[in-house]
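Let's take a walk through this structure together, one feature at a time. Keep the 3D view open as you read.

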Amino acid sequence: MAQEVPEPTAINVEASAEINKSSLDLQGPVSRFNVLLPTVGSHNHRPAVVENGTGAEFSLNRVDPGDATLRTEVEDGTDVEVVEDDQGDQSIQLTDANGEIVGGIVIEATRSSNGEPVHSELALEGETITPKFVAGNDEVKEPVSVDVYASTVWYNKGWVTKKSGKKYVVNLDPTRLGRKQNALNTHKTHVKHAKKVLGSANTKKYWNYNIEQQFLCHVVGAWFPTGVYNMESWRPTKKWQQIANPFDRCNRK
């Protein structure tokens, strides 16, 4: 039986994240931006660099909802907007004048003072992000704990693995931001970012309609188990809408 022959063509995207006393500073492939750490409860921030240095996160523990306001600093020409994923959860997306992704900010796990999960609704004024926390139909007024995450990339690594014969697998490793910002109107941008991470040589040789449909299925089906997206060349070609189900799981047999 033929052995799998790995092709060591992993390419990491050029991005970095740093933690300063008052902010998270993120540099990505297109531009840079900062997320200012709130002045309240500063001893509880616990900031950390994550995802191979392409993202950063911090926590706010038991703060009044009005003190969970976030502020970001962006370069001229950067557009800041609230976007929703396919499950209706909101996050902040930053793009430049050409529509290229600068980065994003996600409010992740949010809990009330008794540990119950609450939902966040985001309001944006300029570069200031004001969350409103909701449990059921009621706005939460009591202290909350909030986890905040920011990144400049949707995919931090891409590579091709050769199998026996002409078979191969295209692999893309999404960041938490890439898995979160997955609405239908972002699909073209996901493809663009995936190709950039893979590199022009891999894209020219291994990217085709079949691979792209499997990829889009993984994007829209981000509720599948977390991990690397694997697109296999020998799978029969199907539109992503036909294989985005719990049975095929984006890889039609």
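Arg46 is found in the loop between β4 (32-36) and β5 (48-50). The model you are looking at is a predicted one, and in it the phi of Arg46 is near 50°, a positive value in a residue other than glycine. Most residues other than glycine have a negative phi. At 53% relative accessibility, Arg46 counts as exposed, because the cut-off for that class is over 50%.

Arg62 also has a phi near 50°, again a positive value in a residue that is not glycine. You will find Arg62 in strand β6, which covers residues 55-63. Its relative accessible area is 54%, so Arg62 is exposed.

Gln93 lies in strand β9 (residues 90-95). With a relative accessibility of 7%, Gln93 counts as buried, since buried means under 20%. Which residues does Gln93 touch, not counting residues up to four places away in sequence? They are Asp79, Val80, Glu81, Val83, Ile101, Gly103, Gly104, Trp154, Gln181 and Thr186.

Ser112 has its place in strand β10 (residues 101-112). Ser112 is buried, with a relative accessible area of 8%. Leaving out residues up to four places away in sequence, Ser112 touches Val118, Glu142, Pro143 and Val144. Between the C-alpha atoms of Ser112 and Phe133 the separation is 9.0 Å, and these two residues are 21 apart along the chain.

Let's move on to the helices, starting with α2, which covers residues 187-198. At 1.5 Å a residue, the 12 residues of α2 should span 16 Å, and its end C-alpha atoms are 17 Å apart, which agrees. The buried residues in α2 are His187, Thr189, His190, Val191, His193, Ala194, Val197 and Leu198. After α2 comes Gly199, whose phi is positive, near 95°.

Helix α4 covers residues 209-220. The same kind of length check works here: at 1.5 Å a residue, the 12 residues of α4 should span 16 Å, and the end C-alpha atoms of α4 are 16 Å apart, which agrees. How many of the 12 residues of α4 are buried? The count is 10 of the 12, so α4 is largely enclosed by the rest of the structure. The buried residues of α4 are Asn210, Ile211, Gln213, Gln214, Phe215, Leu216, Cys217, His218, Val219 and Val220. What covers these buried residues includes strands β15 (155-162), β16 (168-174) and β17 (229-232), together with helices α2, α3 (200-206) and α5.

Two packed helices are described by the angle between their axes and the distance between the axes. For α2 and α4, the angle is about 115° and the axes are 11 Å apart. Their crossing is right-handed. On the α2 side, the residues that meet α4 are His187, His190, Val191, Ala194 and Lys195. On the α4 side, they are Glu212, Phe215, Leu216, Val219 and Val220. By class, this contact of α2 with α4 has six nonpolar, two polar and two charged residues.

Where is Cys217 placed? Cys217 is in helix α4, and at 0% relative accessibility Cys217 counts as buried. Setting aside neighbours within four places in sequence, Cys217 is in contact with Trp240, Ile243, Ala244 and Cys250. With Cys250, the contact is a disulfide, and the S to S distance is 2.1 Å. Because a disulfide is a pair of cysteine sulfur atoms within 2.5 Å, this pair qualifies, and the count for the model comes to one disulfide. With -80° about the S-S bond, the link of Cys217 and Cys250 is left-handed. Cys217 lies in α4 and Cys250 in the segment after α5 (240-243), so the pair ties together parts that are 33 residues apart in sequence. Like Cys217, Cys250 is buried. As a last stop, the C-alpha atoms of Cys217 and Asn251, 34 residues apart along the chain, are separated by 8.9 Å.

How values were computed. Residues numbered from 1 in each chain as written. Predicted model: local features only at pLDDT ≥ 70, side-chain atom pairs only at ≥ 80, totals over all residues. Heavy atoms only, no water. Helix = DSSP H or I, 4+ residues; strand = E, 2+ residues; numbered from the N terminus. Buried < 20%, exposed > 50% of the residue type's maximum accessible area, 1.4 Å probe, protein only. Axes fitted to C-alpha atoms, helices over the stretch in contact; angles between N-to-C directions. Left-handed = near helix turned anticlockwise from the far one by under 90°. Contact = heavy atoms within 4.5 Å. Nonpolar A, V, L, I, M, F, W, Y, C, P; charged D, E, K, R; others polar. Expected span 1.5 Å × (residues − 1).
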